[in-house]
Amino acid sequence: TFVESATVESFGKIQVTGFIVNSQITCHSKIILASGRASIVGGHTLAIDGIECLELGSKIGVATQITIGDKSIIRKRIEATSEGIEKIEAELTQINLGIKRHQRLFDNLKMLPEERRKPMVAVLLKKEELGLNLREVKAKKEKLTVLFNLRTRGRLKVRGTTHLNITMIIGHSRLVVRDAYINTVYWEEVEKKQIAFGPCA
């Protein structure tokens, strides 16, 4: 099997017996290319738990991007929750300004006739609902931030040749390959904030 000029997202392991060429792959598990050409050329291939292949890139230096770990996915989710927080806070600000403008009426809510009290109670309920939503979204962002800061354990293993012009991102670290390497494994050294590499076992 092979993947060419395709967009693929998988929540399970991906096993390819041929090659991946000029494709956009997102795998929430591991990608293994163990037979045939077993190469990844061009495009962007992301796998949270790691990638194993025989060849990465090409002799002519086709630009190829590899991402190991879930940091880019989590970053997007953090950005989305940040936008959600800003939106809720803006809405709460408008509601609070409205309440402040009519503070006397809200202070004497029980004294008002039903037809006037009803829409004002709705405003207070909306404020309470937004407050709950805000706490939930902030809690979600905190959890995502904890996940974002965890060590990335996934590795990139290239049994054959890692060619030039490969951009690899592992966890929080980035490396552009300037020299060809043979039988190499790549991982992130968190303390040094860099991608380290050595021979495959």
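A: A residue is called buried when its relative accessible area is under 20%, exposed when it is over 50%, and partly exposed in between, with a 1.4 Å probe and protein chains only. By this scale Val62, at 27% relative accessibility, counts as partly exposed.

This is a predicted model, in which local features need pLDDT of at least 70 and side-chain atom pairs count only at pLDDT 80 or more, while totals for chains, interfaces and linings use all residues. Residues are numbered from 1 along each chain as its sequence is written, and side-chain values use heavy atoms, with hydrogens and water left out.

Val62 sits in the loop between β10 (55–56) and β11; helices (H or I, at least four residues) and strands (E, at least two) are DSSP runs numbered from the N terminus. Beyond its neighbours within four places in sequence, Val62 is in contact (heavy atoms within 4.5 Å) with Val41, Gly42, Leu164 and Asn165. Cys27 stands 35 residues from Val62 in sequence, and their C-alpha atoms are 22 Å apart in space.

The next topic is the nonpolar core, a set of buried Ala, Val, Leu, Ile, Met, Phe, Trp, Tyr and Cys residues joined through side-chain atoms within 4.5 Å. In soluble globular proteins, nonpolar side chains tend to be buried together. Here the largest nonpolar core has 24 residues, and Ile31 and Leu156 have the most contacts inside it. Two or more residues each are supplied by β3 (14–16), β5, β6, β9, β11 (64–68), β12 (155–162) and β13 (166–170). The most comes from β13, which gives three residues. Setting aside neighbours within four places in sequence, the contacts of Ile31 are Ile14, Ile20, Ile25, Thr45, Leu46, Ala47, Gly50, Ile51 and Glu52. Apart from this core lies another, of 12 residues, including Ile95, Phe106, Leu109 and Met120.

Charged side chains come next. Side chains of opposite charge can pair when their charged atoms come close. A salt bridge is a side-chain nitrogen of Lys or Arg within 4 Å of a carboxyl oxygen of Asp or Glu, and by this rule the count comes to seven.

One of them joins Glu52, a contact of Ile31, to Lys30, at 3.0 Å from N to O. Glu52 belongs to strand β9 (residues 50–53) and Lys30 to the loop between β5 (24–27) and β6 (31–33), so that the pair links distant parts of the chain, 22 residues apart. Both partners count as partly exposed, because Glu52 has a relative accessibility of 22% and Lys30 one of 25%.

Another salt bridge brings together Lys138 and Glu89, at 3.7 Å from N to O. Lys138 lies in helix α3 (residues 114–149) and Glu89 in helix α1 (residues 71–101), so this pair ties together parts that are 49 residues apart in sequence. Lys138 is partly exposed at 36%, and Glu89 is partly exposed at 32%.

Lys71 also forms a salt bridge, with Asp70, their closest N and O atoms being 4.0 Å apart. Lys71 is buried, with a relative accessible area of 3%, whereas Asp70, at 24%, counts as partly exposed.

Finally, Leu150 is found in the loop between α3 and β12 and is partly exposed at 45% relative accessibility. Together with Val146 and Leu147, Leu150 makes a nonpolar surface patch of about 270 Å². Patches are made of residues with over 30% relative accessible area and no salt bridge, like charges being joined within 9 Å and nonpolar side chains (Val, Leu, Ile, Met, Phe, Trp, Tyr) within 5 Å; accessible areas come from the Shrake-Rupley method with a 1.4 Å probe, and for residues only the protein chains shown count as cover.
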